[in-house]
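Hi,

Here is the model I promised to pass on. Have a look at it first, and my notes follow below.

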Amino acid sequence: MRVLLSWLRDFAPVEGDPARIGDQLSDLGLAVEQISMLGEGLDGIVVARVLDLRPHPDADRIQLVDVDAGDGEALQVCCGAFNMSVGDLVPLATLGTVMPGGMEIARRKLRGEWSNGMLCSPTEIGMGDDAEGILLLDGGLSPGASLTEALDLRPDVLYDLEVNPNRPDAMSVAGVARDLAARQGVPFALPEPDVAESGDGAAGRVSVAILDPDLCGRFGLRVLDGVSVGTSPRWLANRLNALGQRPINSVVDASNYVMLELGQPNHTYDLGRVAGGAFRIRRAVEGETIETLDGVERTLTAADGVIADGDDVAIGIAGIMGGANTEIDAGTTSVALEMAWWDPMTIATSARRLGLRSEASARFERGCDPEVVELAMRRFAELLTPTGATLAPDLVDARGNLPARETIRLRTDRVNAILGTDLDRDRIAEVLKSIEFGAEPAGEDLDVDIPSFRPDSSTEIDVIEEVARVHGYGRIERTVPRSTLTGHLTPYQVDRRTVRSTMAGLGLDEVMPVPFLAPGDLEAAGLASDGIAVTNPLVAEESVMRASLRPGILKTLAYNASHRLTGLGLFEVGHVYRQPASEQPLPDEREHLAVALAGHEAGDAVAVWSALADALAARDYSLVAEAVPGLHPSRTARIDVAGTLVGHVGEVDPGVLEAYEVGERVAWLEVDLDTLLALPHGDKPYAGFSRYPSSDIDLAFEVDEGTPADAVRHCLRESAGDLLVDLSLFDVYRGDAVGEGRRSLAFALRLQASDRTLTDAEVAELRQRCIDAVQGSLPATLRG
């Protein structure tokens, strides 16, 4: 897309030197590929009339041209172009002229013939892209006149922009000016055409029927009478030339000018040739043919769109090219002006299949603004009224299906998180309003309405991109993004690894039994029989999802015992599946830890729990005696951490062991890791080591089987206070010496002060305090 600085200033008072403006355009996402200075370096180029054309005697690709440079004398010039005729007016670069590209014109001999100057192509003087032929000038100019004065060429700046497919609005001078005005903070305004209407209204002369509303979202028609096809004013032709559009005639030039200025492609029909003045928008019939304006007969498919007349004859290919049967010529007086919105995918598909991609189809493919139609029509009429054309009243406007534009919630925090900025809501709204996005406060965020000329913006991230673009990428502080931390573990995963390493450190072997059970396994383990059944099990022995890790581990112990492997210490970390407490489509799935110590009693399982609690720094726990199905009724306790049940510790019920054919007692620990690891843990305060010696004492208490060892431990810890640095249960005795239903619990206490050596009296006093605390609060007696 090319734009002239003077044209941009028709919409906004843009300021700055050309290079700075180019930098601003590039920062807005409209990369400037080239900046050209027009109307400069043309001194010495004059209008000349061709007097004679003759072949070069020694060169097939060069001809000798005699021209009159204004003095009436024939001046010979060697020229490689052959598009001239005698009598044509052409630009002549006289001897001594320095061309815009830096080349100096001098008298040269080409294959033995003198050339006294150079005849110029449009490209060589910055008036278009045609480098193949010499620029032919209007016949009303005088030989010898300065080219800049004859063509009204004024100094200007031409920007050649790279416009990405997601910026349909930037395919117009107005769209580029809107962005530039927003960046510079100057007002932007679209033209307000001043066109008087007269004559018979268009509503009674033309009609529109959209037969396929998905193909055409809007089809507008206006009628112009008194049209005289001639040449365009010089200023308009110069602008078209600069943007790469060759001037053709006043009607075609006005059409191209409006398309370049406002981004709205359009087409004109000779109204007298449109049968019934009717325009019917439909899909083509398979195999239907039409002769287009380029004189080629084209065969259409049912995927193509067409405009048909009252006789249902195709008079144009939708959004691509008009038909030759309604072409405007010198005899045209009334013109039907069409401006429409076409389905982008239909236009893209048809243009590629037909090989007819044009400036118009390129804009329709990206998505035009359906709301600019009326303004563009009035602008077209304004350009033609100086030639005597009049605009008939009424806009005949038919509507199909246009894309919906929904309000987008733009989160201020999200904008700043994506861009790395610190913009407040009001600044973001200011930026968006400068490019005509609607932005209304919604708490700390904004509700954004997308303008009709930006169909590419449809999500929150699209709007964030607009904020970045207009605010300025150069104003966003540069930061080095953090690399992806491959292999990063979540806190839960770290804790799970701690659990496994602790179990392995205690000498336990990890097992992974099959997570499916046979019917009856849960009942044999003393558990409820409401296990979740598998709909399509591979085998009947694996048709129930486990509700506990206990059956699988007991089966493992039994299997190893059958191979004379006893006294095993096993653990498993795995998922259990239980009936959900409330209605939900999936089971209540939780991750548990289970430990089985074959040949050991409950105290050993408690020691495993104590080691695990230390490793996880879960200190606020207690063991409370409780009967649990499937576990020993008098040797089991619940584990509460911070008042929350997290599992059970004790021994497996002898009846369960018999059912699983396990011949040795089994200490058992099962913990709900999901619950445990969600509670406060992991805080490990560190204290300095004491330089003073410690003192050890042993205390053994007789208690009944219903008194948990943890209750005794709690009393000892409370009574010993800060001087107690270690406490461990080192022996549990049952036998005749303590009586039926009772046991002896022996604890080792290590006492140490941080600021002194404890005296024998202090140790004795602390020992007695511990004994009194246990005997006073529990049914316990000190063993002698």
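Leaving aside neighbours within four places in sequence, which residues is Leu224 in contact with? Taking contact as heavy atoms within 4.5 Å, the list is Thr333, Ser334, Val335, Leu337, Phe380, Ala381, Leu384, Ala389, Thr390 and Leu391.

Before the rest, some ground rules. This is a predicted model, where local features need pLDDT of at least 70 and side-chain atom pairs count only at pLDDT 80 or more, while totals for chains, interfaces and linings use all residues. Residues are numbered from 1 along each chain as its sequence is written, and side-chain values use heavy atoms, with hydrogens and water left out.

Back to Leu224: together with Phe380, Leu224 has the most contacts inside the largest nonpolar core, which has 57 residues. (A core here is a set of buried Ala, Val, Leu, Ile, Met, Phe, Trp, Tyr and Cys residues joined through side-chain atoms within 4.5 Å; buried means under 20% relative accessible area, exposed over 50%, partly exposed in between, with a 1.4 Å probe and protein chains only.) Helix H9 gives the most to this core, with 8 residues. The core lies between domain 1 (2-38 + 158-184) and domain 3 (202-399), because both give residues to it; the domain bounds come from an automatic or database assignment. A second, separate core of 36 residues includes Tyr269, Val306, Ala336 and Ala351.

H9 itself (residues 373-384) is mostly covered, with 9 of its 12 residues buried. Among what covers them are strand S12 (216-225), helix H5 (234-242) and helix H6 (250-262). (Helices, H or I of at least four residues, and strands, E of at least two, are DSSP runs numbered from the N terminus.)

Helix H13 (residues 491-505) buries Asp495, Val499, Thr502 and Met503. These cover an arc of only 95 degrees around the axis, which puts them on the same side of H13; the arc is that of the directions from the helix axis to the C-beta atoms. On the other side of H13, Arg497 and Gly505 are exposed. The buried residues pack against strands S30 (569-578) and S31 (588-598) and helices H16 (602-616) and H18 (673-678).

Cheers
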